[in-house]
Amino acid sequence: METGTSVSNNSRSSRNDSYEAIKNGSWFHQFRNGCNPWMARYVYGLIFLIANLLAWAARDYGRRALRKVTIFKNCKGGENCLGTEGVLRVSLGCFLFYFVMFLSTLGTSKTHSSRDRWHSGWWFAKLILWPALTIIPFLLPSSIINLYGEIAHFGAGVFLLIQLISVISFIQWLNECYQSQKDTEKCRVYVMILSTSSYTVCIVGVILMYVWYAPDSSCLLNIFFITWTLFLIQLMTSIALHPKVNAGYLTPALMGLYVVFVCWCAIRSEPVGESCNRKAAASSRTDWLTIISFVVALLAMVIATFSTGIDSQCFQFKKTESDQEGEGEEEDGVPYGYGFFHFVFATGAMYFAMLLIGWNTHHPMKKWTIDVGWTSTWVRVVNEWVAVGVYIWMLVSPLILKSRRQTTSGT
């Protein structure tokens, strides 16, 4: 009996050692060793990128081909509808693939298990499954595709919320690292430099937005967006520096950078031709700068989805010390949450569809444009406000919960 146990432990130890070697190896070494979760996440990211490119091609260059498909004869809106539906059909196929992977890998906790091998391998089967699920939506009637387009609004919102929580959690983690007792004195200077630089960039960004997007007093909406962003930065800083919160300068400074960036993206999404958006009018021509901006935006969206997908730790409830000790003993645990990873990519499929159609299934998009339209603008603005609300709640929630516990214990 002891011999069998020792053999099992030795085999498990050898497998863990091989996984550690793959994990700590180079990017090429991870691919060369085939079936492993570190290589798999890059492959899934590549599949997602290809799906994005297919959706863009269907929107900008697939209208002639789609017009020949008999199922599109009843599509209302002509060629523009075909372009929009092409994006939604590719998005639906991508969503189905990652949702199937989500259902089949949800709850995977051990490496070398059957579900771990399905996530990290079986690529021949997936090379059949993914194209099949991409083709199926092109055989569905327009009514189902339009229904998916309405559902995709909600799914894209879920993706934005997940991404937002991931960003805020990263900012708080960075602040905790700087405030750790062993590094407090050494990092104090770096914290001040980073905080000061962030606030400086925020101020410069706000000034430039006033110059570019609010050239006169008639641009009331843009003036409101920019001024409100400046007020939100001051509000976050005031709450973070309150003696009872004492969160420091770093987190509100980094959050300020984030909300200024989101505000800039929101105003940039305003339709071309608006008198208060001179930059949009300048970018209405399809030149090399427009193409580069589109490619960068597409790659940034794919990278954001990938980085959010592997960041499942910030969505776990706080564990007790005994739970953490128990986890430390499990050397064969999965390196990241497989189910969460695929769920993020599934909602990301809905998100890239919304970006390519401007969050409006009846809104035609010009070539080499992404996330343009008044709907896109208001989605960005609301995302900015929600980001500030979530951040402030993370600051004050410990105080509220503490006061409630004291009130409960006192009664």
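Predicted model: local features only at pLDDT ≥ 70, side-chain atom pairs only at ≥ 80, totals over all residues.

Biologist: How many disulfides does a search of the whole structure find?

Modeller: The search, run over the whole structure, finds 0 disulfides.

Biologist: Is Cys 263 buried or exposed?

Modeller: A residue is called buried when its relative accessible area is under 20%. Cys 263 has a value of 2% and is therefore buried, and Cys 94, at 1%, is buried as well.

Biologist: Turning to the helices, what does the side chain of Asn 222 reach?

Modeller: Asn 222 lies in helix α10, which covers residues 220-240, and it is buried, with a relative accessible area of 3%. Its side chain reaches the backbone oxygen of Tyr 213 at 2.7 Å. Once neighbours within four places in sequence are set aside, the residues in contact with Asn 222 are Tyr 213, Ile 267, Glu 270 and Cys 276.

Biologist: And with which residues is Val 302 in contact, leaving aside its neighbours within four places in sequence?

Modeller: They are Gly 45, Phe 48, Leu 49 and Asn 52. Val 302 belongs to helix α13, residues 288-309, and is buried at a relative accessible area of 9%. Between Val 302 and Phe 352 there are 8.8 Å in space, C-alpha to C-alpha, although the two are 50 residues apart in sequence.

Conventions: Residues numbered from 1 in each chain as written. Heavy atoms only, no water. Helix = DSSP H or I, 4+ residues; strand = E, 2+ residues; numbered from the N terminus. Buried < 20%, exposed > 50% of the residue type's maximum accessible area, 1.4 Å probe, protein only. Polar contact = N/O pair within 3.5 Å; in protein donor to acceptor, adjacent residues only side chain to side chain. Contact = heavy atoms within 4.5 Å. Disulfide = S-S within 2.5 Å.
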